[in-house]
Amino acid sequence: MNTRNGRIEYCNGDVDIIPYGATTIKARPGIKAIVMPDSITKIEHDAFKDCVTLELVEFSSKLIDIGNRAFQNCYALKELTFPDTVRNIGDSSFSNCRELKKVNFSQGVESIGCDAFKNCGNLESIDLPCSLKVIHMYAFSSCSKLSHISFIGNVSLATDAFLGTEYYNNSDN
């Protein structure tokens with residue numbers, strides 16, 4: 001049984017321990033990194049919205065849902081790796097994460113919400129899992145450098161999910 005504790009690191013060097021068993025997380029301003037305890041299964045709406053200094057997120061190995069706007073405007077995030085347990089990525093959950101360059105989707109992801117990665121201007125390439133069932137409207141819109149997208153399977157793709165990307169501009173949409 002994995003009972004990993006979590007932690008939140010701040011720009012000023014402070015560290016908060018998040019004990020295994022915690023079901024919610026609340027961060028103070030100035031958050032730099034978060035390692036979630038394995039007891040976290042859902043990230044609530046707006047949980048880390050506007051944490052502009054957040055650079056690193058290590059998700060719980062039991063995470064299932066990422067709420068709407070959970071990491072919106074986290075400008076300093078550079079890379080994300082979702083565990084296989086993640087099923088739903090909420091609306092605008094990572095929108096405006098302008099330094100985000102790489103997203104590693106797990107084989108469990110089934111739904112990517114509206115505007116989920118909108119305005120992630122440095123995102124260049126994504127490989128979507130075969131478990132993916134739906135990509136909602138504008139999910140990757142205005143990711144201006146996004147030129148490579150690969151997905152296998154039967155995905156319900158909303159109109160303009162990739163609007164304003166190199167991929168969209170160079171295809172027959």
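Modeller: Leaving sequence neighbours within four places aside, Ile17 is in contact with Gly6 and Arg7. Keep in mind that this is a predicted model.

Biologist: Good start! Where does Ile17 lie?

Modeller: Ile17 belongs to strand 2, which covers residues 15-18. There is also a C-alpha separation to look at: Ile17 and Asn5 are 12 residues apart along the chain, and their C-alpha atoms are separated by 7.2 Å.

Biologist: And how do I read accessibility: is Ile17 buried or exposed?

Modeller: A residue counts as exposed over 50% relative accessible area and as buried under 20%. Ile17 has 60% relative accessibility, so it counts as exposed.

Biologist: Which side chain makes a polar contact with that of Asn73?

Modeller: That is Asn96, with a polar contact of 3.0 Å between the two side chains. Beyond four places in sequence, Asn73 touches Lys49, Asp50, Cys51, Val52, Ser95 and Asn96.

Biologist: Now the largest nonpolar core. Which residues touch the most other members?

Modeller: A nonpolar core joins buried nonpolar residues through side-chain atoms within 4.5 Å. Here the largest one has 47 residues, and Phe71, Phe117 and Phe140 touch the most other members. Strand 1 (6-10), strand 3 (31-35) and strand 11 (125-128) are the elements that give two or more residues to this core.

Biologist: What does Phe140 touch?

Modeller: Not counting residues up to four places away in sequence, its contacts include Phe105, Phe117, Ile126, Leu128, Phe162 and Thr165.

Note on methods:
Residues are numbered from 1 along each chain as its sequence is written. This is a predicted model: local features need pLDDT of at least 70, side-chain atom pairs count only at pLDDT 80 or more; totals for chains, interfaces and linings use all residues. Side-chain values use heavy atoms; hydrogens and water are left out. A polar contact is a pair of N or O atoms within 3.5 Å; within protein, one must be able to donate a hydrogen and the other to accept it, and residues adjacent in sequence count only if both atoms are side-chain atoms. Contact means heavy atoms within 4.5 Å. Buried means under 20% relative accessible area, exposed over 50%, partly exposed in between (1.4 Å probe, protein chains only). Helices (H or I, at least four residues) and strands (E, at least two) are DSSP runs, numbered from the N terminus.
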